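Me: I am new to this structure and would like to go through it step by step. Please show it first.

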Amino acid sequence: MPYRPQITNVTKAGNNEKDGLYEFIINLADGTDCRVFYNRYPEWKLTNVSRLGKTPCPVCRKDFICRCMEKFSSDFDEQMKEGEWLSKAAAE
Ligand SMILES: [Zn+2]
């Protein structure tokens, strides 16, 4: 079965209001944690996504840095917006 990330929680890790840059930590249903960066101007745009190295990658099984999650950036972005994670986490 092809991998598809499923967001279960999002927390804001940092932001620079002036530049509209936001960093979020995303928890996925399979136990994977990811870090994403967004730029909110002129509209929310996902600029980077990477897996945090606490658990092996669910795609390639490596337990060090890999770039697999980049392939799912549109899935992350879609869920962040549809699940209103973005607006909720940004308001924290
Ligand atoms: Zn990987």
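Reply: This is a predicted model. One place to begin is the end of a helix: α1 is followed by a residue with a positive phi, near 55°, and that residue is Glu84.

Me: Where is Glu84 found, and is it buried or exposed?
Reply: Glu84 is found in the loop between α1 and α2 (85–90).

Me: Which residues of α1 are buried, and how are they placed around the axis?
Reply: The buried residues of α1 are Phe76, Gln79 and Met80. They cover an arc of only 105° around the axis, so they lie on the same side of α1. On the other side of α1, the exposed residues are Ser74 and Glu82.

Me: Against which elements do the buried residues of α1 pack?
Reply: Their partners include strands as well as a helix. The buried residues of α1 pack against β1, β2, β3, β4 and α2.

Me: How many bridges join β1 to β2?
Reply: Strand β1 covers residues 7–16 and strand β2 covers residues 21–28. The two run antiparallel and form a hairpin, with 4 residues between them. One of the bridges pairs Asn15 with Tyr22 in β2. The number of bridges joining β1 to β2 is 8.

Me: Which residue in the turn of that hairpin has a positive phi?
Reply: The turn lies between β1 and β2. Phi there is about 75° at one residue, Gly20.

Me: What is phi of Arg61, and where does this residue lie?
Reply: Most residues other than glycine have a negative phi. Arg61, which is not a glycine, has a positive value, near 70°. Arg61 counts as exposed because it has 9 C-beta neighbours inside 10 Å. Its place is in the loop between β4 and α1 (73–82).

Me: How many Å apart in space are Pro42 and Arg4?
Reply: In sequence, Pro42 and Arg4 are 38 residues apart. In space, from C-alpha to C-alpha, Pro42 and Arg4 are apart by 28 Å.

How values were computed: Residues numbered from 1 in each chain as written. Predicted model: local features only at pLDDT ≥ 70, side-chain atom pairs only at ≥ 80, totals over all residues. Pairing = 2+ DSSP bridges. Buried ≥ 20, exposed ≤ 12 C-beta atoms within 10 Å, placed from the backbone. Arc of directions from axis to C-beta. Contact = placed C-beta atoms within 7 Å.
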